[in-house]
Structures are given as C-alpha cells and as structure tokens.
Amino acid sequence: MKKLIVSLLVLTPIMLFAGESYWKIERVKPLMKTGLFFEVALDQFSNLDHILYDEDKKALWYYDTYSSKMPERPLGNSLLQEEGEPSKERHIEARIVGGELKILVYHNSRNIAFIVCKRVADDKTAFLEKVDASRKKLQEYIADAVKKHPPVTMPAAADNTSQVKVKLEGLALALPADRYLVVKTQTGSYEAIDKQNKDLTAAFTIYKEAFNRNDSLKKESLHPLLKEGMLQLNTSAYYDWQEKKTGISGYALSNSIQAGNVYYNMVSSGQTELKDISPYVGPFRSATTDTVGAISLEAYNAGGTYNQPQRTVKAGTLQLRLPTAYEVTDFLVWNENFFSLELTPELSFSSDKPDCRLYNIKDTADKDASPTETARGGLYSLKNSSLKTSIQDVRESLLKEGARILAEDSNGVMYYYHQSCWVCRYHQQGNMHYVYMITLPDLSACAREFGRSAGMFQ
C-alpha cells in the first residue's frame with residue numbers, strides 16, 4: 001500500500017486587505033470518495049468551523065473550532081498528498097456562487113468534494129466574534145458531556161506484588177519491578193515506557209515544571225472527574241457535529257507533587273476504558289518527595305542485578321566479559337562478504353581498511369530461535385593513533401540520524417532505531433578503538449544488556 005501523507009500547506013501569514021469575505025461551513029459534500037485518507041482529510045471540517053476568503057488573492061484561511069493551539073491556518077493545495085503522485089493532481093479552488101462560497105477539493109478523478117459555506121459577517125471583527133462564539137459553544141457541548149458522566153470511583157491499583165522504590169531527582173515512586181524503562185527526554189521530562197510495548201509509546205510522563213499541571217489540563221482537553229488529594233482522574237469528551245451528539249472518548253490519570261519551588265507533574269497516556277487506568281494508580285499514588293531507600297533510575301532500568309553466567313573472551317589484545325552463551329567468531333572477508341560501519345566521520349570501520357577487524361557476536365542459548373529473536377551484533381576494532389573521539393560524539397551522531405536515545409552512561413548508549421533496540425559501547429585502549437554493537441529482541445533484554453555491559457571491557 002502506498003504511503004499516504006495528510007498535510008496542509010503551511011504559508012507565512014499575510015496581511016489581509018479588501019476582497020475578504022467571511023463564512024461558516026454549512027456542509028461537506030463528497031462527489032466521489034475512494035481514498036481512506038481523503039475521507040480522513042474531509043472529516044476534519046465541521047459546521048462549527050469558519051473560512052476567511054480573500055477573493056483578490058484567491059487565499060483561503062481555515063478557522064478550526066476544534067483546535068485551540070492552531071486557531072487559523074491557510075488552506076492550500078496540499079490537503080492530501082500521495083507519495084509519487086504529481087502535485088498537479090491536487091487542486092483546491094473557491095468561488096462565490098448564488099450567495100454561497102463553494103470550495104472544490106480535487107484530489108484526483110476518484111476523490112472529489114465540495115465544502116459549502118454561508119456568509120456570517122460583513123467585517124473581520126464581527127467574523128472573529130462568530131469564531132469565538134463557535135468555540136465557546138463547542139466547550140459547552142464538551143462540558144455537558146462531562147457533567148453527564150455517571151459517578152465513578154478511583155480504579156483499584158493493579159496487583160503488583162514486586163515493587164521497587166525508584167528515585168527521579170527529587171521524586172520517588174514505587175514501580176513494578178522490570179516493567180518500565182524510564183527515559184529522560186531532550187526537554188527534561190521523564191517518559192515511562194512499558195517494556196512490553198513494542199512501539200515505545202510512553203505509558204506515563206513526568207514533567208518537572210514551575211506550576212501545578214492539574215490546574216491547566218483543560219487546555220489539553222482533559223476534565224477532572226474525581227480527586228483524591230492531588231491524584232486526579234480525568235476524562236476527555238467529544239462532540240460529533242454530524243450526529244449532533246456528545247460522548248466520552250477516554251480517561252487519563254494525573255498527579256502533582258510539589259518539591260520546593262517546582263512540581264513533578266505526572267500524566268498517564270489516554271485510555272478508552274476506565275479499567276485500563278488501573279496500572280497507573282499504584283505508581284501515581286506512591287509518588288513522594290521522600291527519596292530515602294530509593295534505588296537509582298539506572299539500576300531500575302537495568303531490571304535488577306544481572307545473574308546469568310559470564311566468561312572472559314579475548315578479541316585481539318582486548319579482554320571483555322560476555323554472557324557464556326554468546327559466541328564470538330572472526331568475520332571472514334571474501335568476495336562479496338564485507339562489513340562497514342560509520343558511527344561518526346572519524347570513527348568508521350570497513351573491511352577495506354587493513355587496520356579494521358570485526359568479531360561477530362551472537363547468542364546461542366536457543367539453537368532454534370530465529371536471528372530476530374536473539375541478541376546479535378559484533379565488536380569492531382580500529383587501529384588509529386591520531387583518532388580522538390568519545391561516546392558523546394557517537395551519541396550526537398546517532399541523534400542526527402534520527403535514533404532515539406533511551407539510556408546513556410560514561411561509555412555507552414542504548415537507543416531505538418528503525419524499530420530495533422541497540423546497545424553501543426565505545427572503548428579505547430592505547431591506539432586501538434573498539435565499538436561493541438548489539439541488537440536485542442525486546443526492550444527488557446536490551447535494558448538488561450545495557451546494565452550488564454557497562455563494565456564489560458577488562
């Protein structure tokens with residue numbers, strides 16, 4: 001299936017002069033609709049939305065009632081784009097016909113629609129008042145849906161028999177043992193990723209901020225249903241303009257812990273069912289500024305002490321500690337059998353270089369496992385007396401390539417790239433440079449290997 005991209009053409013705001021007219025969407029009228037994403041693109045328009053049309057410049061400005069973060073944006077020809085399709089296939093054109101503004105949305109001969117609008121104001125001031133009134137009306141619908149929600153009790157905490165008190169700066173909370181990988185993001189927040197979740201979506205996020213986020217969750221379309229101290233159960237609601245009905249779309253848990261002049265604000269991911277909030281209740285309820293007895297975040301992420309048998313292996317002049325089941329073999333270069341790895345422009349390995357070597361490493365514990373179900377990778381070596389680099393240089397290069405850094409220490413990084421989890425460690429011994437690169441089948445195994453391998457170089 002071809003990759004489809006839904007997008008709106010982003011233009012620099014321009015000054016609007018004479019020729020402007022002011023409209024409200026009445027209806028969306030598909031003439032032909034065969035593409036799924038064309039249907040999705042049309043569904044964003046509702047009869048609560050408004051359009052400003054500059055006839056002189058043939059410019060359309062869309063005022064989305066449902067979006068408070070992006071109150072107005074230009075409506076361009078890139079409403080729907082299919083990879084490999086010529087841009088001339090897409091076309092948006094507006095005309096005033098019989099007192100109505102009709103916007104033709106033409107994606108291709110199989111996806112055509114009209115957006116029909118009625119005039120609502122004679123000047124921009126009156127128009128913006130209409131836009132504001134429409135947004136207030138939507139909020140009234142949402143508030144009414146929340147008000148009609150039946151009484152609820154806080155979901156019972158999930159039965160986590162093995163819990164660990166974990167320290168995150170000035171905050172401590174009890175987390176199920178070896179359940180989450182807690183990652184510090186580039187913005188300074190913490191994301192708790194369920195190790196059983198393959199797409200690395202955060203189960204909950206902890207923000208360190210100067211305010212109580214509970215007080216502003218309505219800006220994120222979350223409305224309080226129940227409060228237990230600072231622990232808060234929230235819901236999100238919707239208004240279906242086509243069916244003219246409201247409903248509840250999901251739930252999220254939040255908490256705010258004050259520590260001096262800052263707040264540790266916790267917000268769970270949204271869940272469609274109230275019962276699915278249960279796993280977060282225990283950790284959120286346990287949050288405290290009392291960090292006595294808490295283990296470090298690094299220790300928690302490693303999943304406990306590594307207790308599998310290990311042995312010392314020699315690769316060239318280097319000795320390293322590896323799990324007993326890991327097999328190390330020389331990479332044999334012949335014909336089309338070659339290797340190449342570039343971590344930075346300076347730190348690159350290739351079978352074409354006489355001073356480079358690769359030792360293949362794979363887990364042989366399960367002989368019947370497929371390559372994707374076991375740990376596999378290698379140890380790369382490079383002889384270079386003038387090279388000066390560090391794991392920080394490798395980290396920056398990985399970030400530029402789009403990798404997501406999950407954990408890091410003095411000689412290594414754990415990262416996620418192209419739907420795979422990797423451990424990378426750098427070691428220098430005299431004029432020899434070594435890189436240990438290994439990918440593991442899941443996040444739990446990757447976290448354990450990252451913790452185990454911290455002292456692997458002898």
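1. First, the ground rules. Residues count from 1 along each chain as its sequence is written, and side-chain values use heavy atoms, with hydrogens and water left out. Since this is a predicted model, local features need pLDDT of at least 70 and side-chain atom pairs count only at pLDDT 80 or more, while totals for chains, interfaces and linings use all residues.

2. Let's start with the open sheet. It has 7 strands in the order E5-E4-E3-E2-E9-E8-E7, with antiparallel pairing. (Helices, H or I with at least four residues, and strands, E with at least two, are DSSP runs numbered from the N terminus; two strands pair if DSSP finds at least two bridges between them.) E5 and strand E7 (91–97) are the edge strands, each pairing on one side only. Further in, strand E2 (residues 20–33) and strand E9 (residues 111–121) run antiparallel and are joined by 10 bridges. If you want a pair to look at, Ile25 has Cys117 in E9 as its bridge partner.

3. Now for strand E4 (residues 59–63). How many of its residues are buried? It is 5 of the 5, so E4 is largely enclosed by the rest of the structure. (Buried means under 20% relative accessible area, exposed over 50%, and partly exposed in between, using a 1.4 Å probe and protein chains only.) Both faces are covered: Ala59, Trp61 and Tyr63 sit on one side, with Leu60 and Tyr62 on the other.

4. E4 has a partner on either hand in the strand order. Strand E3 (residues 50–54) pairs with E4 in the antiparallel sense over 5 bridges, and Tyr63 is the bridge partner of His50. With strand E5 (residues 73–74), E4 makes 2 bridges, again antiparallel; here Trp61 stands opposite Pro74.

5. Is Lys58 buried or exposed? Lys58 is exposed, at 58% relative accessible area.

6. Glu169 is another non-glycine with a positive phi of about 55°. You'll find Glu169 in the loop between strand E10 (163–168) and strand E11 (171–176). Its relative accessible area is 30%, so Glu169 counts as partly exposed.

7. Tyr190 is buried, with a relative accessible area of 7%.

8. Beyond its neighbours within four places in sequence, Ser134 is in contact with Leu48, His50 and Thr65.

9. Helix H3 (residues 278–286) is worth a stop as well. Its buried residues are Ser278, Tyr280, Val281, Gly282, Pro283 and Phe284. They pack against several strands, including E11, E12, strand E14 (202–209) and strand E17 (245–259).

10. On to the cores. (A nonpolar core is a set of buried Ala, Val, Leu, Ile, Met, Phe, Trp, Tyr and Cys residues joined through side-chain atoms within 4.5 Å.) The largest has 32 residues, of which Leu379, Leu406, Met414 and Tyr436 touch the most other members. Apart from it lies another core of 28 residues, among them Leu168, Ile257, Tyr264 and Met266. In soluble globular proteins, nonpolar side chains tend to be buried together.

11. Finally, the largest pocket. How much space lies in it? About 540 Å³. (On a 1 Å grid over the protein atoms alone, a pocket is an open set of points where a 1.4 Å probe fits, with protein on both sides within 12 Å along at least five of seven lines; lining residues have an atom within 4 Å of a point. The volume is the space filled by probe spheres set on the points, which are joined across faces, edges and corners.) Of its 28 lining residues, Val183, Lys184, Leu406, Ala407 and Glu408 are the closest to the centre. E26 gives the most to the lining, with 5 residues.

Note on methods. Contact = heavy atoms within 4.5 Å.
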